[in-house]
Amino acid sequence: MSQHAIDRAMMQRAIEAAARGRTAPNPHVGALIARGEEIVAVGHHEGAGKVHAEVMALALAGEAARGATLYCTLEPCNHHGRTPPCTESILRAGVARVVYGCRDPKSHGSGPGAPRLAAAGIEVVEGVERAACEALIEDFACLALRGRPLVVGKAAVTLDGRIATRTGDSKWITGELARTEAHRLRDRADAVMVGVETVLADDPRLTVRLPDGPGRDPLRVVVDTHLRTPPSAQILSGGPTWIAHGPHACAKRRAALGAATLLELPLADGRVDLRALLAELGRRDVMRLLVEGGGTLLGALADAELLDRMAVFVAPILLGDPEARPVLRRGAPVPTLAHGLRLDDVRTQNFGTDVLVEGRVPRKE
């Protein structure tokens, strides 16, 4: 096997390891120590304040790291944060070669790690499996560069793009396999958000229910300008819930919703300012936000160019009713196809008779 093929295979293993952590507001990172085609140790970053992936792999490898190759999905850090610089551990371990997938999008005063390692005589290779490694830290990069979480819109729709009938009936558009995958999307998110209309219509719990384990319930966020969430709503029990409301919400309603954390935010066009809300979530270390509806909230995010990705489960059902509820309800007419949201980097996956369509919402910038 050529060195290039070995590097790619090892980096793919590091990418698999990276997905194990719950890292917000830090990036998902995987690392491994190898000698040729032999893997000596594998590490991953488990979460903020815990050891970085490189340090974990080096500790597991011990003396076997000396003269070996370190593979890491992200450029090793060269700054003091909650933990010391990874470059110090790498230099002490005596590795001969460092291969990393992508650069750190966040600038630090001490500079990047690769030049420091190269200056110490270590062979440094950048860009192996770059696209996959950048996808790993897409949410971290959004928080670092834009000060807000990556926003992923999720919906289950009929073939004609409806999320519910005109009466609000939506259970169930998709089958069990698709609904299980939707829970996996929740499990990956730091927070899940809905509008108050969804709370009133569906009374969701927004918890994670997986057949192979409990998963992790995300923070629940409700966009509720006038605090119409009922005190008996299921979303207020079983975990933390934040309700974003406007500055003129009734004091009596505020008192009735004492089980939730209330976020008072400015208004934009008579509704909670979504930019201000996302900035507040970013300040509170929410890195990946899953938005589950409804169509008005998803449409408002799209109009404000705050929607980063879409994950749409499409079921083989046709309603044929113009009054059924659309997946997006935008604030202005869409005169041509060019004004629509055509997703990039689209991937599809079958779940029984349903199809998941995932893609990136293109940005104008």
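Modeller: What follows is a walk across the sheet, then along its helices, and finally into the core.

Please keep in mind from the start that this is a predicted model. The part you ask about is an open sheet of 9 strands with mixed pairing, and its strands lie in the order 11-10-9-8-14-6-15-18-17. At the two edges are strand 11, covering residues 261-264, and strand 17, covering residues 344-351, and each of these pairs on one side only. On average, neighbouring strands of this sheet are turned by 20° against each other when direction is ignored. In general, the strands of a sheet pair through backbone hydrogen bonds, in either a parallel or an antiparallel way.

Helix 7, residues 176-188, touches strand 6, strand 14, strand 15, strand 17 and strand 18, and its direction makes about 160° with that of strand 15. Helix 10, residues 274-283, also packs on the sheet, where it touches strand 6, strand 8, strand 9, strand 10, strand 11 and strand 14, and its direction makes about 165° with that of strand 9.

Because 7 of its 10 residues are buried, helix 10 is largely enclosed by the rest of the structure. The buried residues are Leu274, Ala276, Leu277, Leu278, Glu280, Leu281 and Gly282, so you can find a glutamate as well as leucines in that list. The N-terminal end of helix 10 is capped by aspartate 273, which has a side-chain oxygen 3.0 Å from the backbone nitrogen of arginine 275. Just after the helix, aspartate 285 takes a positive phi of about 70°.

Just after helix 11, glutamate 305 takes a positive phi of about 55°.

In soluble globular proteins, nonpolar side chains tend to be buried together. Here the largest nonpolar core has 37 residues, of which Met11, Ile33, Tyr71, Ile90 and Val95 touch the most other members. Several elements give two or more residues to this core, including helix 1, strand 1, helix 2, strand 3 and strand 4, and helix 1 gives the most, with 6 residues. If you leave aside its neighbours within four places in sequence, isoleucine 33 is in contact with a number of residues, among them Ile39, Val40, Leu58 and Leu70.

Strand 1 pairs with strand 3 in the antiparallel sense over 4 bridges, and alanine 34 has threonine 69, in strand 3, as its bridge partner. Strand 3 is also joined to strand 4 by 5 bridges, and those two run parallel; there, leucine 70 has valine 98, in strand 4, as its bridge partner.

Key: Residues are numbered from 1 along each chain as its sequence is written. This is a predicted model: local features need pLDDT of at least 70, side-chain atom pairs count only at pLDDT 80 or more; totals for chains, interfaces and linings use all residues. Side-chain values use heavy atoms; hydrogens and water are left out. Two strands pair if DSSP finds at least two bridges between them. Axes are lines fitted to C-alpha atoms, for helices over the stretch in contact, and angles run from 0 to 180 degrees between N-to-C directions. Contact means heavy atoms within 4.5 Å. Buried means under 20% relative accessible area, exposed over 50%, partly exposed in between (1.4 Å probe, protein chains only). A polar contact is a pair of N or O atoms within 3.5 Å; within protein, one must be able to donate a hydrogen and the other to accept it, and residues adjacent in sequence count only if both atoms are side-chain atoms. A nonpolar core is a set of buried Ala, Val, Leu, Ile, Met, Phe, Trp, Tyr and Cys residues joined through side-chain atoms within 4.5 Å.
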